[in-house]
Amino acid sequence: MQINGTLINYYFHCKRQCYLHGNRLNLEDNSELVQIGRAMHEVKAEGCENAELAIENIRLDKLTTEYLTEIKKSDSDIEASKWQLYYYLKVLKNKGIIRKGKLEFEEKNKTKRTTMILELGDAEEKELEQIQSQIEELLQAEIVPEAEERAGCKKCAYYEYCFI
């Protein structure tokens, strides 16, 4: 499977989830939380001509002349979200499109939306190359990584597969 933003995100979030998704075990279609995230993206995209763009194997939430914006339902895993956005910025850069990145977190019980601005520099590009190599190695492994229960596991689409 070709590396994409979802795999980058999952790699930081959970190596087992990354492995399972990357080896085509997709349990997300049955997840209510995933459906909520998709619905949130659809609502944000309504009436916006620069929203939900597909380039190669990635889907961009919003692209303007200044920013590539990635919208997240929660700021529960900022590191994973940052590297997913760096990956998208790199894909655009490879096509000659240079943008800053904007992460928007829209949490349901908070009145204030959190926003982060990121720029893809040489250090991030080098680290991203290493991350992609590590993901490729993970996906080619013959053994599924062990399940490690964490705070967010019960909300994961793979929870039943891993723990029940």
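Tutor: Begin with a definition: a charge sits over a ring if NZ of Lys or CZ of Arg is within 6 Å of the ring centre and within 35 degrees of the ring normal. This is a predicted model: local features need pLDDT of at least 70, side-chain atom pairs count only at pLDDT 80 or more, and totals for chains, interfaces and linings use all residues. Residues are numbered from 1 along each chain as its sequence is written, and side-chain values use heavy atoms, without hydrogens and water.

Student: The charged end of Lys102 sits over the ring of which residue?

Tutor: Apply the charge-over-ring rule. The charged end of Lys102 lies 4.4 Å from the ring centre. The ring belongs to Tyr67.

Student: Is the pair of Phe12 and Trp83 stacked or edge-to-face?

Tutor: Rings of Phe, Tyr and Trp (its six-membered ring) pair if their centres lie within 6.5 Å; planes under 30 degrees apart count as stacked, over 60 as edge-to-face and the rest as tilted. Phe12 and Trp83 are 6.1 Å apart, centre to centre, with 5 degrees between the planes. The pair is stacked.

Student: Why does Trp83 count as buried?

Tutor: Buried means under 20% relative accessible area, exposed over 50%, partly exposed in between (1.4 Å probe, protein chains only). Trp83 is buried because its relative accessible area is 4%.

Student: Which residues form one aromatic cluster with Phe12 and Trp83?

Tutor: Phe12 and Trp83 belong to one aromatic cluster.

Student: How far is the charged end of Lys15 from the ring centre of Tyr11?

Tutor: The charged end of Lys15 sits over the Tyr11 ring. The distance to the centre is 4.0 Å.
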